Amino acid sequence: MQSYTEDEIVVLLRDPARQREAFAKVVSLYGEKLYWHIRKMVLDHEDANDLLQNTFLKAWTNIELFRGEAKLSTWLYKIAINECITFLNKQRNMNNVSIDDADTFLLERLKGDEYFDGDEIQVRLQNAILTLPEKQRLVFNMKYYEEMKYEEMSEILGTSVGALKASYHHAVKKIEEFLTKEV
């Protein structure tokens, strides 16, 4: 199977005769990365799978809106993040949780997730991450787990590099405090 660069895939997406083939390559190229990005936000495997499908469905139905001003991956991450935020807000409403409270309901779902194979340390780390405000959690996950560069995060989130660095720094400090307090 021939591999394509992102630029080559974008060219194929513009060709109506090759659009389906090109989008299949998009799914193949970004599916796993986006799944893990989403999974870090919602924690549950089934929810992450559903949100990944929603992300690709929105991307497919809105492919003509992709202008190529940003990278395709940036556009996909934006869609995925918006899907996660919408999902988490619905979950908070269903669980009567304030947006300012920790999303501990997600931790309970994680513990019950048959696909989660983490130990107690992983559960404690996830619990610490869930105490972060949503934006800090997003920045922490992108930097810590995905090792994403601040410049790329800046494009995706529409936030300055300096603000992202500060957000990550504060997130790390809060997580360290939480974990040392818990011991």
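Let's start with L43, which is buried, with a relative accessible area of 4%. Buried here means under 20% relative accessible area, exposed means over 50%, and partly exposed is in between, using a 1.4 Å probe and protein chains only. L43 sits in the loop between α2 and α3. Its phi is near 70°, a positive value in a residue other than glycine.

A quick word on what you're looking at. This is a predicted model, where local features need pLDDT of at least 70, side-chain atom pairs count only at pLDDT 80 or more, and totals for chains, interfaces and linings use all residues. Residues are numbered from 1 along each chain as its sequence is written, and side-chain values use heavy atoms, with hydrogens and water left out.

Now the overall picture. The chain has 9 helices and 0 strands. Helices (H or I, at least four residues) and strands (E, at least two) are DSSP runs, numbered from the N terminus. Of the 183 residues in the chain, 45% are buried.

What about the inside? A nonpolar core is a set of buried Ala, Val, Leu, Ile, Met, Phe, Trp, Tyr and Cys residues joined through side-chain atoms within 4.5 Å. The largest one has 49 residues, and V26, V42, L72 and L76 touch the most other members. Several helices supply at least two residues each to this core, including α1 (6-14), α2 (19-42) and α9 (161-182). Which helix gives the largest share of this core? That is α4, with 10 residues.

Staying with α4, let's look at E83, which is found in that helix. E83 is buried, with a relative accessible area of 9%. Its side chain makes a polar contact with the side chain of K58, at 2.4 Å. A polar contact is a pair of N or O atoms within 3.5 Å; within protein, one must be able to donate a hydrogen and the other to accept it, and residues adjacent in sequence count only if both atoms are side-chain atoms.

Over in helix α3 we find N54. At 32% relative accessibility, N54 counts as partly exposed. The C-alpha atoms of N54 and I79 are separated by 9.0 Å, and these residues are 25 apart along the chain.

Next, please find α8. In this helix (residues 150-157), Y150, M153, S154, I156 and L157 are buried. Why do they line one face of the helix? Seen down the axis of α8, the buried residues fall within an arc of 165°, so they share one face. That arc is the one of the directions from the helix axis to the C-beta atoms. Just after α8, G158 takes a positive phi of about 65°.

Is E147 buried or exposed? At 66% relative accessibility, E147 counts as exposed. Its phi is near 50°, again a positive value in a residue other than glycine.

Last stop: T180, in helix α9. T180 counts as exposed, at 60% relative accessibility. A polar atom of the T180 side chain lies 3.2 Å from the backbone oxygen of E177.
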